[in-house]
Amino acid sequence: MRKLRIAMAQINPTVGALERNAGKILGFAEKAAGAHCDLVVFPELAVTGYPPEDLLLKPSFIGDNIKTLQKLSRKIRGITAIVGFVDKKEDIYNAAAVIHKGGVVAVYHKMFLPNYGVFDEQRYFQAGKSPLNFTLAFPRAGADNSVTVGVGICEDIWYPEGPARVQALMGAHVIVNINASPYHCGKALQREEMLTTRAMDNEVIIAYNNMVGGQDELVFDGQGMIINEEGAIIARGRAFSEDLIIADLDIEAVSRKRLHDTRRRKERPDAGEGGLREITLHAGRNKKKRPVPRRPSVPARSAAEEVLSALVLGTKDYVRKNGFRHCVMGLSGGVDSSLVAAIAAESLGAENMTGVFMPSVYSSRESRIDAQALAKNLGMEFLTIPIDPLFDGYLKTFKGPFAGRRPDVTEENIQARIRGNILMALSNKFGWLVLTTGNKSELSVGYATLYGDMAGGFSVIKDVPKTMVYGIAAFINAREGRDVIPERVLKKAPSAELRPRQTDQDTLP
């Protein structure tokens, strides 16, 4: 019976850190080889990290990435590997290298380049023209013991008539698709439905390996999966964490299913401009192996839990990958800053966080109590820096130019900018990163102050609507079994407290 033991290394690379990424790739390859896997698969652009953006405009970076891959290929032994990197011919390509017996034996160039939403691949890459199949031929007397694998990259698999269709019709038993697929709420289900359809339509096993980690404003959630020719998920990677997913693939089951499908005999695959490339690799003897231990099932997550995990990972990686060790933020006693503080404390450790309460004459006693209680509950440093002396100084400065005019949004924005200046001063003095606290609902309608509450290095909840802010905050309290975020914060009307009796709902009805 033909089997293929595959490992999908769901890793968290860092953009530009070529040697560090190569070390991670080698470490996971050695683990997979130690588990007697025949093939190990790494994410899209695993060598460079994703997205490398304008690093791709530097010829030296392209050359260094190729040298890193070549050096890596000589170290990977006892297993065949598929590794994402940037290839250079007459142009540069988003590519996957097939590594076998100490060398790169084949390279696939991504054929469909996304150029929508967060993707800008047509700015940098040339599209590939040729699908690739490779066959692992295992020696076995008197029987066919070979397995054919098609290689694809991310967007390639989303097209029903894309390279996966040609590869399957031309004999691929398994389609390996390597990804850097960013997360959004509900994306995992969308992927699963598409991959199930693609596997069943093509009567092929799909091994979909996804990157994990945060890079600037993107978060990659992992959650790779292996789906058999019947559309059943036989292995699934963890969400928002590195993982090595190992499964034994039943190649005979694919062959049996195809024998009964007369449609396949009538189709004439169109391999496009470059034609299908096929190579055969002679592997070691496919020995009988102990069964792969069953992976524990992953319980379904609520939307609030899933988004919280994404925010925690995104914050942690942004801070870590940019070389910061400590963060600072304003604590107002409101729900937005409370949630950002809770996310940051979970991401970085409360000992690496400082919260600053900056009261004015308009700040309520309750806000002070709630901000202080939150900091205590989280275990983070809490500073109080009143802004009244600075605000009074501004009012005196503008007493002449503003004479005869009533206070309005001008004075409100001055307060917000004073607070932004205080946080940036702490950042400059101590090397702390400022976390901003605006949510998507506010930012989408401009309910914020330029150079004020928008000042900072990383906006943690900029993609989280206000209603979801409340849902995630409530989830944190429920998960911890206590009011980490004070109950009053979740019940009182939100207010910027920049004028008497102000509430957000009156300003933005």
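Predicted model: local features only at pLDDT ≥ 70, side-chain atom pairs only at ≥ 80, totals over all residues.

Me: How many salt bridges does the search of the whole structure find?

Reply: The search finds 21. A salt bridge here is a side-chain nitrogen of Lys or Arg within 4 Å of a carboxyl oxygen of Asp or Glu.

Me: Which residue does D248 pair with?

Reply: D248 forms a salt bridge with R5, at 2.7 Å from N to O. That pair links distant parts of the chain, 243 residues apart: D248 sits in strand β14 (residues 243–250) and R5 in strand β1 (residues 3–10). Strands (E, at least two residues) and helices (H or I, at least four) are DSSP runs, numbered from the N terminus.

Me: Are those two buried or exposed?

Reply: R5 counts as buried because its relative accessibility is 5%, while D248, at 29%, counts as partly exposed. Buried means under 20% relative accessible area, exposed over 50%, and partly exposed in between (1.4 Å probe, protein chains only). The areas come from the Shrake-Rupley method with a 1.4 Å probe, and for residues only the protein chains shown count as cover.

Me: And K466, what does its side chain meet?

Reply: The side chain of D336, in a salt bridge of 2.9 Å, N to O. This pair also links distant parts of the chain, with K466 in helix α13 (residues 466–480) and D336 in helix α8 (residues 335–348), 130 residues apart. K466 is buried at 16% relative accessible area, and D336 is buried at 8%.

Me: What does K462 pair with?

Reply: K462 forms a salt bridge with D463, and their closest N and O atoms are 3.3 Å apart. K462 is partly exposed at 28%, and D463 is partly exposed at 47%.

Me: Which residues are linked in a network?

Reply: E44, K110 and E121 are linked in a network of salt bridges.

Me: Switching to cavities. How many are there of 30 Å³ or more?

Reply: There is 1, and the largest cavity holds about 40 Å³ of space. A cavity is a set of points, on a 1 Å grid over the protein atoms alone, where a 1.4 Å probe fits but cannot get out; lining residues have an atom within 4 Å of a point. Grid points are joined across faces, edges and corners, and a volume is the space filled by probe spheres set on the points.

Me: What lines it?

Reply: The lining of the largest cavity includes N12, P13, Y50, F220 and K321. Strand β10 (residues 212–215) gives the largest share, 4 residues. By class, the lining has 6 nonpolar, 5 polar and 1 charged residues. Ala, Val, Leu, Ile, Met, Phe, Trp, Tyr, Cys and Pro count as nonpolar, Asp, Glu, Lys and Arg as charged, and the others, Gly among them, as polar.

Me: Now the surface. Which residues make the nonpolar patch?

Reply: L443, L450, Y451 and M454 make a nonpolar surface patch of about 430 Å². Patch residues have over 30% relative accessible area and no salt bridge; like charges are joined within 9 Å, nonpolar side chains (Val, Leu, Ile, Met, Phe, Trp, Tyr) within 5 Å. L443 lies in helix α12 (residues 440–445) and counts as partly exposed at 33%.

Me: Where is Y447?

Reply: Y447 is in the loop between α12 and β20 (458–459). Y447 is buried, at 19% relative accessible area. Y447 and F430 are 17 residues apart in sequence and 30 Å apart in space, C-alpha to C-alpha.

Technical notes: Residues numbered from 1 in each chain as written. Heavy atoms only, no water. 1 Å grid on protein atoms, 1.4 Å probe; cavity = no way out; pocket = protein on both sides within 12 Å on 5 of 7 lines; lining within 4 Å.
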